Amino acid sequence: MRTLLAITLSLFIVTHAMAQDKATIEALQKLDARVFAPDSAEAKLRWDSVRKLRDETNRKDVEAWRAIKTKADWEAFRDARLAKLKASLGKFPEPPKSVKVVTTKKLPADGCTVECILYESRPGFFVTANLYVPEKTEKPMPGFILVHSHHNPKTEGELQDMGLMWARQGCLVLIPDMLGHGERRNHPFVNASSYPEKYEVSRQDYRFRYNSNLQLSLVGESLMGWLVWDLMRGVDVLYQRPNIDKSKIMVFGSVAGGGDPCAVFAALDKRVTAAAPFNFGGPQPETGKLGDDAELAFNYMGGGSWESTRNLFLSARDGFLPWLIVGSIAPRGLVYGHEFAWDAKRDPVWARFQKIWGFYDAADKLASSSGRGSVKGRPPESTHCNNIGFEHRKAIYPTLTKWFGLPIPEENKKRFTSAELQCWTEEARKTLKPKLLHEILQEMKSSKGTTLGISAKSLADAEIERVADAARQPNNAGFRMEKLIVRHPSDPTLAVPMVLLRPANKLKITHVVIGIAQDGKAGFLKHRAETIAQLLKNKAAVCLVDLRGTGETAADGRGRQSGGTSYSSSLLMHGQTGPGVQLQELLTVMNAMPKLGFKTIALWGDSFAPTNDPETNLAKPLDVSNMPKQSEPMGSLLALLGGAVGGDKVTAVYGRGGLVSYRSVLDSPFCYLPHDAIIPGALTQGDINDLAATARNVQLEGMVDGLNRRVDQHTLDRIYRKGVVVRAEPSTPMEVAAWLAKR
């Protein structure tokens, strides 16, 4: 009888506990996690912070420019910033004594020959290029390099026209495929039959520049740096030809993406004697009408986007803004180019150029070319073009007559097919064994540091504000809730919304688990309510935070063209990173915990993003309708960073869904992770496994690779050291809660 009573009582207790757990879980899932009012300014503080940085950058730039009175002032100003520009682009190798050039075929044309060549810019890394050679090469030949736009590679018709016209006039014209384009593309999507569904074939080279820059950034390099290095080696190719006139080397940068590397290349390589960078340095095709106050109102810095060659890394922090780069060409020749109509009288950058070239009495080396209409208009009223169109070339011809003695050319009438101008042959591939970008990057050695290049400091005087309408009283669900905001008086953009959950009893709780995820507080309550309920049951408090750019402070979208990417890339221009800003906020929140009665902290970084099936083909064109899923590894990374620098008060770090390693992002041309997951130069400072080894009591589960695929246990055991618990499959909510509470 006693046994039966005991069993009945046990069943009653278990059933009651299960019912209580269920009630707690349901109550957690129903909570309104929002702290800020809808559409409040506080929810948009991330944009306020970058606008403030941008406005301050532009203000300082105008102030510095006005202080320049002499040529000596200008050159000191210029040289300091050019040095920082070069340093920002990555580590340039030692220039080779000679560049290996392989000619795979020659195409006869009227008055010239087109040589299809391969030149080696880095060991095992070849540039495909068409070299337009005059029929007679005995006289000194001016050398031209044409930088194509992101619309089309070297074979596009406008490029052929310029190559053939100027070669007939006795010029040597080099038109290379820029990294990632044409025969140097880093993807397999060459035509409509390359993928079973309909996709934008012509835009893939352009879009994959995004992936290329992310991968280059990891190893401390940049897409711009590699583009410029290839162009520098292009000058070597011209110099290696007999009878080249080294005093007449000109580079043309096309209207969409070609002007950017053209300008940086010309600024850094003094062998360039003249340059025509279109749509770079001043007003862009998207810039609205300039007012009479343009000198002060113009955005000299520009803004962040996925286009890394336009919003250069560290450009705002170190002062090498686009106008400075173009202005640094002085006193050499400059054709200031605009695809559409240009308001010369109100353009404040043009006024600066006139002053700079005036320092050298070189007004005759300053010219311009512009079209008609606007980017929103239609041809022929608006002069759209793929690279540099006839309307834009017309204004350049008289300038070339003045500078290089070239007559006005007769326009080209016959073009080659794209297939005819291809440089790689089967024989050349077998002999030279070309490599793709990610394969080259895989061979680059990384350091074994632990910081990943991230540094941040906690702001000690953080203030905690309680939101008045939040429920604070115990309820029958087993917990108390407070809505809080952590602020700091020295940084008005630091306002971290939080939800603090404590067990309903009045016991003094001194241990808190801080939850961090891209989806923020609401994501935890929706997806991890069971784990939170178990933590509360185990007498731990749970603090869910929305660090800047997460949860209710998140930008619109997380993809390539999203607000999240614009915000992240804007930070990079100012020498900041998304994880760095978030880490400072996390450390400030951690520093505020003693004010709430907590002595020890565990960090819980999570991701609720679904993973990709490893059996699925993830090699897909960018922006197709059924794109693979993107990871959200921020939570786990921030938890590790907080554990590494948070001191003894951090007793445990639990991460779920984080990135297994930055090395895995280099495994293929494809990568499925957000822009702000990449820390520039991370692999020069270590990798995530090195970071994990510096924190105490670390357990990482459900990690993913650069393709957002779940990583198997064998791979995890190979990468991670002893002392860090790694599991391919996540633990149960009860196990996670017990592990965190115990530590």
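1. A quick word first: contact here means heavy atoms within 4.5 Å. Please also keep in mind that this is a predicted model. With that in hand, Glu158, Asp161, Met162, Met165 and Trp166 of helix H4 meet Arg393, Tyr397 and Leu400 of helix H12. Sorted by class, this contact of H4 with H12 has five nonpolar and three charged residues, and no polar ones.

2. On the geometry of that pair, H4 (residues 157-168) and H12 (residues 390-404) pack at about 25 degrees, and their axes are 14 Å apart. Angles under 35 degrees count as roughly parallel, and H4 and H12 are therefore roughly parallel to each other. The crossing of H4 past H12 is right-handed.

3. Now to the sheet. Nine strands form an open sheet with mixed pairing, in the order S1-S2-S3-S5-S4-S6-S7-S8-S9. S1 (101-109) and S9 (366-370) are the edge strands with a single partner each, so one side of each has no neighbour in the sheet. On average, neighbouring strands are turned by 20 degrees against each other, direction ignored.

4. Within this sheet, S2 (residues 112-122) pairs with S3 (residues 125-134) in the antiparallel sense, over ten bridges. Tyrosine 119 stands opposite valine 127 in S3. Helix H6 (residues 223-239) lies across S1, S2, S3, S4 (141-147), S5 (172-176) and S6 (244-253), and runs at about 130 degrees to S2.

5. Beyond its neighbours within four places in sequence, leucine 31 is in contact with Phe479, Met481, Leu501 and Leu525. Valine 499 is 468 residues from leucine 31 in sequence, yet their C-alpha atoms are 9.9 Å apart.

Note on methods. Residues are numbered from 1 along each chain as its sequence is written. This is a predicted model: local features need pLDDT of at least 70, side-chain atom pairs count only at pLDDT 80 or more; totals for chains, interfaces and linings use all residues. Side-chain values use heavy atoms; hydrogens and water are left out. Axes are lines fitted to C-alpha atoms, for helices over the stretch in contact, and angles run from 0 to 180 degrees between N-to-C directions. Helices (H or I, at least four residues) and strands (E, at least two) are DSSP runs, numbered from the N terminus. Angles under 35 degrees count as roughly parallel, over 145 as roughly antiparallel, 65 to 115 as roughly perpendicular and the rest as oblique. A crossing is left-handed if the near helix is turned anticlockwise from the far one by less than a right angle, and right-handed if clockwise. Ala, Val, Leu, Ile, Met, Phe, Trp, Tyr, Cys and Pro count as nonpolar, Asp, Glu, Lys and Arg as charged, and the others, Gly among them, as polar. Two strands pair if DSSP finds at least two bridges between them.
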